[in-house]
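This report is for a reader who is new to the structure shown below. Please look over the sequence and the model before reading on.

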Amino acid sequence: MNLRRQEDQRYLLSESVVINKQRLLSDLNAISRIGLGDHGSVTRLVFSIKELRSRQLLIHLMTQAGLKVHVDRIGNIFGRLNGANPKAAAVLAGSHLDSVRQGGKFDGPVGVIGALEAVRTLKDNRVPLPCPVEVVCFVGEESSRFGFSTLGSSLLAGQVRMEDLANAVDAHGTKLEDVLASMGVYRDNLPSLRRDPNSVKAYLELHIEQGPVLEAKKKKIGIVTAIAAPTRLRVIFTGQADHSGTTPMEMRKDALVAAAQLITYIEELCSKYSAMEKGRVVGTVGAMKIEPGVINAIPGKAELSVDIRSISGEAKARVARLVQSRAREIAATRNITVEILPIRSEEPVALDESLLPLIKEICEGKRVPYEIMPSGAGHDAMQMAKITRAGMIFVPSKKGISHSPLEWTDPEEICLGAQILLETMVRVAYEQS
Ligand code: HGY
Ligand code: MN
Ligand code: MN
C-alpha cells in the first residue's frame, strides 16, 4: 500500500512514491527553451507569443498526463486529478510561466512543473486521494511588462477592480485594460473570473528563493512565513526638450537630471531603512523612458518605474510617502512638473501558519535541513492567501541570483523540493476539513 495511516490519523506516503526526476527535469528544460535569448536568458513577457507558447506546452503536458484541463478567460490553466469525492475542495499547487525580460529559467517554472510532476506521480502510483488535486499556472505573475504583478491569481482571488489597472501600461504604450478587453474581460465581468473559495482546500507553491539565505545557511528547503508586498509607481518628470549645444546650463529644464536625483534619493533612503532592525525596505527604479532620448537634445521627459517593497506595511508606506514628496520637491526646485501615477500598492501577506509545521515535519522526517523565513519576492501565493490556506516551499538560488540568466538551482534541489511538495499535498488532502 503506497499510503499508510498513522495512529495519530496522519497519512504518510510510502517511500516507494517518488517523483520521476528525469521527467521533471526534461519538462523543465523544454519550458526553459521557449523564449531563450542571449547568454541563456529567458524572456516570456505576459501575453507575448513566447509566453503563450509556454502555456500551450503546459496544456499539452497536462493532457498527456491525463489531467482534466481547464483554462479560464484570462488564461489561467488548471490541470485536475479527481479524488474519491470529486465535489470536495481541491488542493492546488502551482506558480507561473511568464518571466521578466532576460530572466532566468527557474523563477516560476520550477513551481508549475514541480506541481505537475507531483500530481503525475500521485496518478502513476494510484495514490488514493480523498479530494481533487490541481496543478495551476497563473497568467502574468511578473510585473515586468505592465508594472502590475500577480495578474491571474489576483483576478482568481477577486482582488482586481478595473480602476486598479488605469496606470498599467507597457513600454510601447499598450494598456493592460485594452489587452484584457481584447480577451473579453471587462469591468462588469471581472467577478466572473473569481474562483469560489469553497472549491479550494489549500494552495501550495514551490519556488526558487531568489535570495542568498538558503545557500548561506546551507539549507535545502525554505518554509515561507510571509511575503513582502510592493508599492509600484510611475513617476513622470516633464521639463523642456532643447538643444544640447546652444542651451546655457542655467536655462535648462532637464527632466533626466531630475530623475537621476530621485533615483539616488530612493537608494539612499532605502539603504538607511534597510540598516534598521525591523521595517527593512528595498527600493528600485528598474525601468526608465526618456524623450526625445537622443544624444544632442536635453531630455524633456523622463518616466521612472518605481518598485518599493517591505515585509512591514507601515515602513513601506512611509518610504513611499517620502519618495513622492521628494519627487515633488525636485520638480519644484527645477521649475519642471512631475506626475506620480500609482500602479498598485499591496499589503505584505502572512502565509498560513498551520501549513508551516506540516512542511517542517516532512523535512524533519527526511532529515532535510530547512529554514523558516520570509520572502522578499512577490508570488501568486500572496493572492491565493486571500481566499484559502496558502503555503510556500523554497529551494536555494545559487549566489541568491534571480531575474538574470545567471539564475540557477541544482537539479537535485529542485527534485527534492518537488518531492516535499508532493508529500505536503497528500498530507493536506487528508487533513480533516
Ligand atoms: O518581482 C517579484 O517579486 C517576483 O519575482 N515576481
Ligand atoms: Mn520573478
Ligand atoms: Mn516568481
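The model is predicted.

**Helix 8**

Helix 8 covers residues 313-333. At 1.5 Å a residue, its 21 residues should span 30 Å, and the C-alpha atoms at its ends are 30 Å apart, which agrees. Several of its residues are buried, namely G313, A315, K316, V319, A320, V323, A327, I330 and A331. Seen down the axis of helix 8, these buried residues fall within an arc of 160°, so they line one face of the helix. On the other side of helix 8, E314, R321, A332 and T333 are exposed.

What lies over the buried residues of helix 8? The cover includes strand 9 (229-238), strand 11 (281-291), strand 13 (301-310) and strand 14 (337-345), together with helix 7 (255-275). Just after helix 8 comes N335, which has a positive phi of about 55°.

**The ligand site**

Ligand 1 is surrounded by D107, E141, E142, Q210, R232, R309, A377, G378 and H403. For three of these residues, the table gives a distance to an atom of ligand 1.

| Residue and part | Atom of ligand 1 | Distance |
|---|---|---|
| E141, N or O atom of the side chain | nitrogen | 2.8 Å |
| E142, N or O atom of the side chain | nitrogen | 2.9 Å |
| G378, backbone N or O atom | oxygen | 2.7 Å |

On its own, ligand 1 has 210 Å² of accessible area, and the protein covers 96% of that area.

**Two loop residues**

S41 sits in the loop between helix 1 (21-32) and helix 2 (49-64). Is S41 buried or exposed? The relative accessible area of S41 is 2%; buried means under 20%, so S41 counts as buried. A polar atom of the S41 side chain lies 2.8 Å from the backbone oxygen of D38. Leaving aside residues up to four places away in sequence, S41 touches G35, L36, Q102, G103 and P405.

D196 belongs to the loop between helix 5 (176-182) and strand 7 (200-208). Its relative accessibility is 43%, so D196 counts as partly exposed. A polar atom in the side chain of D196 is 2.8 Å from the backbone nitrogen of N198. D196 can also be placed relative to I387: the two are 191 residues apart in sequence, while their C-alpha atoms are 8.5 Å apart in space.

Technical notes: Residues numbered from 1 in each chain as written. Chains lettered and ligands numbered in written order. Predicted model: local features only at pLDDT ≥ 70, side-chain atom pairs only at ≥ 80, totals over all residues. Heavy atoms only, no water. Helix = DSSP H or I, 4+ residues; strand = E, 2+ residues; numbered from the N terminus. Expected span 1.5 Å × (residues − 1). Buried < 20%, exposed > 50% of the residue type's maximum accessible area, 1.4 Å probe, protein only. Arc of directions from axis to C-beta. Contact = heavy atoms within 4.5 Å. Near = heavy atom within 4 Å. Polar contact = N/O pair within 3.5 Å; in protein donor to acceptor, adjacent residues only side chain to side chain. Areas by Shrake-Rupley, 256 points an atom, 1.4 Å probe, with all protein chains shown as cover.
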